[in-house]
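Please keep the viewer open as you read.

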Amino acid sequence: MTILLTADHGAVRVVTMNRPEARNALGAELIEALYTALDAADADEAVRAVVLTGTDPAFCAGVDLKQAQSLGLEYFERFQTHNCITKTGQMRTPIIGAINGATFTGGLEMALGCDFLIASEHAVFADTHARVGILPGGGMTARLPHVVGAAMARRLSMTGEVVDAMRAERLGLVTEVIPHSQLMERALELAGQIAEVPGPIMAGLKEIYVRGTDPVISPALAAEREIAGAQKRDFDALGDQYRAVAQRNKNQIGG
């Protein structure tokens with residue numbers, strides 16, 4: 001089975017994570033394939049907007065906990081050259097997140113890098129980094145407070161609580177909640193509107209927004225990289241706690 005699907009709809013490219021049996025968790029192959037696909041879309045002048053989504057039932061469950069446990073730091077080293085989580089926030093091309101289901105931890109960081117999100121009624125969101133025993137390193141502590149406010153961001157990261165689609169809209173995490181069957185239709189409609197804008201104008205608009213948030217986002221990203229990078233990730237030491245958290249996350253995602 002192809003772990004990543006791409007399809008062009010005129011000037012809009014849809015990129016779909018396709019590991020439904022693993023809730024689109026970022027296994028080694030998907031990390032590299034997704035990074036490569038996003039990089040290629042960003043370099044293609046014919047692509048004027050990107051829609052990022054996942055094959056049901058999840059958008060992305062974040063890191064592949066099984067691979068992380070078995071490979072340890074070797075697993076995380078793949079992000080040094082193919083960081084698909086941070087790539088969304090680095091793209092020049094406008095990118096919409098079409099959130100079709102569970103969006104946890106690294107998957108949430110990846111979604112937060114998009115220009116904006118729309119969500120299916122089935123979507124749920126959570127930051128479970130702390131509950132798993134690692135620190136966020138993909139922009140969570142920089143971007144989440146910017147979207148939902150500092151206090152709510154701290155609450156979500158410290159508790160790991162799950163937020164449903166309607167609450168996510170109230171918090172400002174997503175801009176719109178769509179009936180599940182209409183999610184992609186709406187995403188393509190919005191992406192098509194973006195693609196209609198002349199390229200130089202859209203590029204300038206996005207740069208203005210990015211540069212306007214740099215005084216807030218950039219120092220936070222730097223602090224996150226410094227502190228998370230210094231952390232020693234010893235997955236064997238998690239023992240029963242690791243297994244309990246992994247099972248709880250699986251239950252929350254629905255599997």
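Helices (H or I, at least four residues) and strands (E, at least two) are DSSP runs, numbered from the N terminus. This is a predicted model, in which local features need pLDDT of at least 70 and side-chain atom pairs count only at pLDDT 80 or more, while totals for chains, interfaces and linings use all residues. Residues are numbered from 1 along each chain as its sequence is written, and side-chain values use heavy atoms, with hydrogens and water left out.

**Overall make-up**

The protein chain has 12 helices and 10 strands. Of its 255 residues, 50% are buried, where buried means under 20% relative accessible area, exposed over 50% and partly exposed in between (1.4 Å probe, protein chains only). Taking contacts (heavy atoms within 4.5 Å) between residues at least 6 apart in sequence, 73% join residues at least 24 apart.

**Helix α1 and its surroundings**

How do the axes of α1 and α3 cross? Helix α1 (residues 28-43) and helix α3 (residues 73-81) have axes that come within 10 Å and cross at roughly 5°. Here axes are lines fitted to C-alpha atoms, for helices over the stretch in contact, and angles run from 0 to 180 degrees between N-to-C directions. Angles under 35 degrees count as roughly parallel, over 145 as roughly antiparallel, 65 to 115 as roughly perpendicular and the rest as oblique. The pair α1 and α3 is therefore roughly parallel. On the α1 side, A28, I31, E32 and Y35 meet Y75, R78, F79 and T81 of α3. By class, this contact of α1 with α3 has 5 nonpolar, 1 polar and 2 charged residues; Ala, Val, Leu, Ile, Met, Phe, Trp, Tyr, Cys and Pro count as nonpolar, Asp, Glu, Lys and Arg as charged, and the others, Gly among them, as polar.

Helix α1 also holds L38, which is buried, with a relative accessible area of 0%. Leaving aside residues up to four places away in sequence, L38 touches V50, C84, K87, T88, M91 and I95. L38 and K87 are 49 residues apart in sequence, and their C-alpha atoms lie 7.3 Å apart in space.

**The cavity**

Searching the whole structure gives 1 cavity of 30 Å³ or more. A cavity is a set of points, on a 1 Å grid over the protein atoms alone, where a 1.4 Å probe fits but cannot get out, and lining residues have an atom within 4 Å of a point. The largest cavity contains about 50 Å³ of space. Its lining is made of L108, F125, A126, D127, L144, L156, E161, V163 and L173, which divide into 7 nonpolar, no polar and 2 charged.

**Backbone details**

Most residues other than glycine have a negative phi, and most peptide bonds are trans. Some places to look at are tabulated here.

| Site | Backbone value | Location |
|---|---|---|
| R23 | positive phi, about 55° | loop between β2 (12-17) and α1 |
| D56 to P57 | cis peptide bond, omega near 15° | P57 in the loop between β3 (49-54) and β4 (58-60) |

R23 is buried, with a relative accessible area of 19%, and T105 is buried too, at 6%. After α7 comes G149, with a positive phi near 95°.

Terms used. 1 Å grid on protein atoms, 1.4 Å probe; cavity = no way out; pocket = protein on both sides within 12 Å on 5 of 7 lines; lining within 4 Å. Points joined across faces, edges and corners; volume = space filled by probe spheres on them.
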